[in-house]
Amino acid sequence: MTHRPRSPSSAFDLRARWQSLRCAVAGLADLLRDQPHARLHALAAVVATGLGGWLGLSRLEWVLLVLTIGLVWAMEALNSALEYLADASVPQQHPLVRKAKDVAAAGVLLAALAALVNGVLLFGPPLYRLWF
């Protein structure tokens with residue numbers, strides 16, 4: 001899929017918005033196809049969503065769950081985008097590129113750890129009540 005150059009006009013163009021949406025969906029497909037961690041995040045999101053439905057989360061709990069899942073996915077997408085850009089820009093090994101990639105990966109790790117804590121806080125008490 002190719003991107004058309006943006007026109008300087010500020011008018012709303014429905015075709016351009018549709019094309020942007022198609023590019024975003026293509027990016028999501030690339031993310032799932034090319035990034036093993038994205039597939040793990042997808043599995044975790046499906047499990048968490050199913051568990052939330054089974055436990056009957058409140059509206060606020062659903063908001064927290066959706067925001068948490070969205071944060072992890074957004075961080076994974078940004079990390080992957082940075083890696084693609086870095087690899088295209090500097091194909092050879094470079095210590096600053098490695099640091100940039102490591103820091104971006106740390107962002108995903110931090111989001112995933114926050115998601116884990118949110119999962120324990122959201123699912124822990126109702127699961128504990130079911131079992132004990």
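Predicted model: local features only at pLDDT ≥ 70, side-chain atom pairs only at ≥ 80, totals over all residues.
Residues are numbered from 1 along each chain as its sequence is written, and side-chain values use heavy atoms, without hydrogens or water. Local features need pLDDT of at least 70 and side-chain atom pairs pLDDT 80 or more, while totals for chains, interfaces and linings use all residues.

Start with helix α1 (residues 14-34) and helix α3 (residues 59-89). Helices here are DSSP runs of H or I, at least four residues, numbered from the N terminus. The two pack at about 85°, with axes 11 Å apart. Axes are lines fitted to C-alpha atoms over the stretch in contact, and angles run from 0 to 180 degrees between N-to-C directions. So α1 is roughly perpendicular to α3, a label for angles of 65 to 115 degrees. On the α1 side, L28, D30, L31, L32 and D34 make the contact; α3 brings W73, E76, A77, S80 and Y84. Contact means heavy atoms within 4.5 Å.

Stay on helix α3, which also holds N79. N79 is buried, at 7% relative accessible area; buried means under 20% and exposed over 50%, with a 1.4 Å probe and protein chains only. Leaving aside residues up to four places away in sequence, N79 touches K101, A104, A105 and V108.

W54, Y128, L130, W131 and F132 make a nonpolar patch of about 760 Å². Patch residues have over 30% relative accessible area and no salt bridge, and nonpolar side chains are joined within 5 Å. Areas come from the Shrake-Rupley method with a 1.4 Å probe. A salt bridge is a Lys or Arg side-chain nitrogen within 4 Å of an Asp or Glu carboxyl oxygen. Helix α4 (residues 95-131) gives the largest share, three residues. L130 lies in α4 and is exposed, at 52%.

Terms used: Patch = residues over 30% accessible without salt bridge, like charges linked within 9 Å, V, L, I, M, F, W, Y side chains within 5 Å. Parallel < 35°, antiparallel > 145°, perpendicular 65-115°, else oblique.
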